[in-house]
Number of protein chains: 2
Amino acid sequence: MIQPFDDEYFMRKALQEANLAFDKGEVPVGAVIVLNNQIIARAHNLTETLNDVTAHAEMQAFTAAADFLGGKYLKECVLYVTLEPCQMCAGASYWTQLKKIVFGASEPERGFINLQTKLHPKTTVVSNVLENECSQILKRFFIQKRNLN
Amino acid sequence: MIQPFDDEYFMRKALQEANLAFDKGEVPVGAVIVLNNQIIARAHNLTETLNDVTAHAEMQAFTAAADFLGGKYLKECVLYVTLEPCQMCAGASYWTQLKKIVFGASEPERGFINLQTKLHPKTTVVSNVLENECSQILKRFFIQKRNLN
């Protein structure tokens, strides 16, 4: 059975955002926020462009989604992000009361899982959706960067 | 000996910011960022006004300080904040490579200390500067809020 709106579908949308980051010379991480199978926010990492370490894809997506909804909680929303969120972004998700986090590539060193960042009790997690594509774009970015330096 | 630029001096500046938040009906938390004894950013909690759970005083202060400096790292900067930072804000401080965090009131439940958020290895912490004043303004806020509801 075709399931057009499954986790892979939305992760591909997050990957499109990661590609936009790549083209700007940003560490290629992308995110979308989904409510009732509709994308209500899209964002990609802009830490270099904005000169701001807090400008991770997820942080911008949370702000944009709350703005769209006109309420600061994202209780029924799902975050799709190509890289496992860091402590800051997972900590932000706690405050949003997010329903679910779906991420692509794991980040064992700086990701929230090994660092044991506390999520909101209602937030569930799905790991490693399109893991290969999500980590390949990061690898490609860092190889290119190394070759340019 | 008079030490005009000690931790209490800058915490009073953060408390002034907390008072601005109080007057706007925001949970009264204020922050300043100091570089070489100069305040380079001031901010207070604006989560209600901006309808955005990421708009904690510290997050705005990090963004403003990086903007002021024209560089995204705050390696020589000190954050003064009236309430112990949460996971999100402590996680953001990791990315800024902040020199020092000085906070006022403790937050045992949602603060970064008990939740063991990882700080940047170079970041030091000073706790409970003007603790009483910093927690009193919070208590006053929640009592007033309870009475209004």
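Let's start with one residue: C89(A) is buried, with a relative accessible area of 1%. Everything here comes from a predicted model, so read the values with that in mind. C89(A) sits in helix α3 of chain A. Skip the residues up to four places away in sequence, and C89(A) touches H56(A), E58(A), M59(A) and F62(A).

The unreviewed entry has a "binding site" annotation covering H56(A), C86(A) and C89(A). These residues span 34 residues in sequence, yet no two of their C-alpha atoms are more than 9.3 Å apart, so they gather at one spot.

C86(A) belongs to the loop between β3 (77–83) and α3 of chain A. What does C86(A) contact, leaving aside its neighbours within four places in sequence? The list is H56(A), E58(A), R110(A), G111(A), F112(A) and, from the other chain, W95(B).

Then there's E58(A), which UniProt (again an unreviewed entry) lists for "active site". E58(A) is part of helix α2 (residues 57–69) of chain A, and it is buried too, at a relative accessible area of 4%. Beyond its neighbours within four places in sequence, E58(A) has contacts with A31(A), L79(A), V81(A), L83(A), P85(A), C86(A) and C89(A).

**Helix α3, wrapped up**

Is helix α3 of chain A enclosed or open to the outside? Of its 10 residues (87–96), 10 are buried, so the helix is largely enclosed by the rest of the structure. Its buried residues include M88(A), C89(A), Y94(A) and W95(A). They pack against α2 and β4 (100–105) of chain A, together with α2 (57–69) and α3 (87–96) of chain B. Just past the end of α3(A), Q97(A) takes a positive phi of about 60°.

Over in chain B, S93(B) is found in helix α3. S93(B) counts as buried, at 0% relative accessibility. Leaving out neighbours within four places in sequence, S93(B) is in contact with F62(B), L98(B), I101(B) and L119(B).

**Two copies, one axis**

How do the chains relate? Rotate chain A by 180°, with 0.0 Å of shift along the axis, and it superposes on chain B with an RMSD of 0.0 Å. That is the relation of a two-fold axis. The same surface serves both copies: 100% of the contact residues of chain A recur in chain B. Which residue of chain A comes closest to the rotation axis? That's M88(A), with its C-alpha at 2.0 Å. M88(A) is also one of the buried residues of α3(A).

**Cysteines without bonds**

A disulfide is a covalent bond between the sulfur atoms of two cysteines. How many disulfides are there over all chains? The count comes to zero.

| Cysteine | Nearest cysteine sulfur | Distance | Relative accessibility |
|---|---|---|---|
| C77(B) | C89(B) | 16 Å | 1% |
| C86(B) | C89(B) | 3.9 Å | 6% |

Why does C86(B) not count as part of a disulfide? Its nearest cysteine sulfur, that of C89(B), is 3.9 Å away, and a disulfide needs the sulfur atoms within 2.5 Å. Both C77(B) and C86(B) count as buried.

**The sheet in chain B**

Five strands of chain B form an open sheet in the order β2-β1-β3-β4-β5, with mixed pairing. β2 (38–44) and β5 (124–126) stand at the edges, each with a single partner strand, so one side of each is left without a neighbour in the sheet. On average, neighbouring strands of this sheet are turned by 20° against each other, direction ignored.

Take one pair: strand β1 (residues 30–35) and β2(B) run antiparallel, joined over six bridges. Within that pair, A31(B) has A43(B) of β2(B) as its bridge partner. Finally, helix α4 (residues 131–148) of chain B lies across β3 (78–83) and β4 (100–105) of that chain, running at about 60° to β4(B).

Terms used:
Residues numbered from 1 in each chain as written. Chains lettered and ligands numbered in written order. Predicted model: local features only at pLDDT ≥ 70, side-chain atom pairs only at ≥ 80, totals over all residues. Heavy atoms only, no water. Least-squares fit on C-alpha atoms with pLDDT ≥ 70 in both. Contact = heavy atoms within 4.5 Å. UniProt positions renumbered as here; feature names shortened; annotations may be inferred. Helix = DSSP H or I, 4+ residues; strand = E, 2+ residues; numbered from the N terminus. Buried < 20%, exposed > 50% of the residue type's maximum accessible area, 1.4 Å probe, protein only. Pairing = 2+ DSSP bridges. Axes fitted to C-alpha atoms, helices over the stretch in contact; angles between N-to-C directions.
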